Amino acid sequence: TRMLPELEAAARQAEGTVHRAVALAALARARLAAYAIRRTDQGRCAAAAAAEAAVTATPYEHPDHAGYALLAAATALTGPDPRKEPAGAWLEAAARHPLTTPPIRVRAAHSLMLLRMAGDNAEGACRAARLAVDELPVLAWPGAGRADREFRLAKATDVSRDAISVALAA
């Protein structure tokens, strides 16, 4: 929380530059961490505003756009009154983003799957599960060594487990 004034100043200073989105995302992450400690609506709303501004400041064609959308979804789902519709839209966009990294797409699709299951949308959860599972072969590229592939797939075991649960619930 001591760094918030410096991060706010950095975001203001980056206005009109290519570094604005990075500064806003750092500010959003810090505000989200501060919200976890203090639980103030002001902190949560400020985190959401910074995250949404980071998404807006980044062209869709940029690989970081999906990561900022994932952050915006996290801020939207935080707190006592989660905003599920915009979070779902950001998660879906991140899960389908063609230029971002596979781990970002998997995390976004997995989060979308859980969000839709929580909302009793089994069909939507199945589609999101399919997005997540379709990325698993990319995470464990056959050209990588066996130990690396096993490590990467082990990090994604919750995705497979949850996708199976979604399929059984549908």
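Predicted model: local features only at pLDDT ≥ 70, side-chain atom pairs only at ≥ 80, totals over all residues.
The chain contains nine helices and zero strands, and of its 170 residues 41% count as buried.

**Fold and dimensions**
- Reading from the N terminus, the order of elements is α-α-α-α-α-α-α-α-α.
- The C-alpha trace spans about 45 × 40 × 25 Å along its principal axes.
- The radius of gyration is 17 Å, which agrees with a compact globule, because a globule with 170 residues would come out near 15 Å.

**Contacts along the sequence**
- Take the contacts in the chain with a separation of 6 or more: 52% of them come from residues 24 or more positions apart.

**A closer look at Ala 34**
- Ala 34 sits in helix 2, the element that covers residues 20-38.
- Buried or exposed? Ala 34 counts as buried, because its relative accessibility is 8% and the cut-off for buried is under 20%.
- Ala 34 and Asp 64 are 30 residues apart in sequence, and their C-alpha atoms are 23 Å apart in space.

Notes:
Residues numbered from 1 in each chain as written. Heavy atoms only, no water. Helix = DSSP H or I, 4+ residues; strand = E, 2+ residues; numbered from the N terminus. Rg over C-alpha atoms; globule rule 2.2 N^0.38 Å. Buried < 20%, exposed > 50% of the residue type's maximum accessible area, 1.4 Å probe, protein only. Contact = heavy atoms within 4.5 Å.
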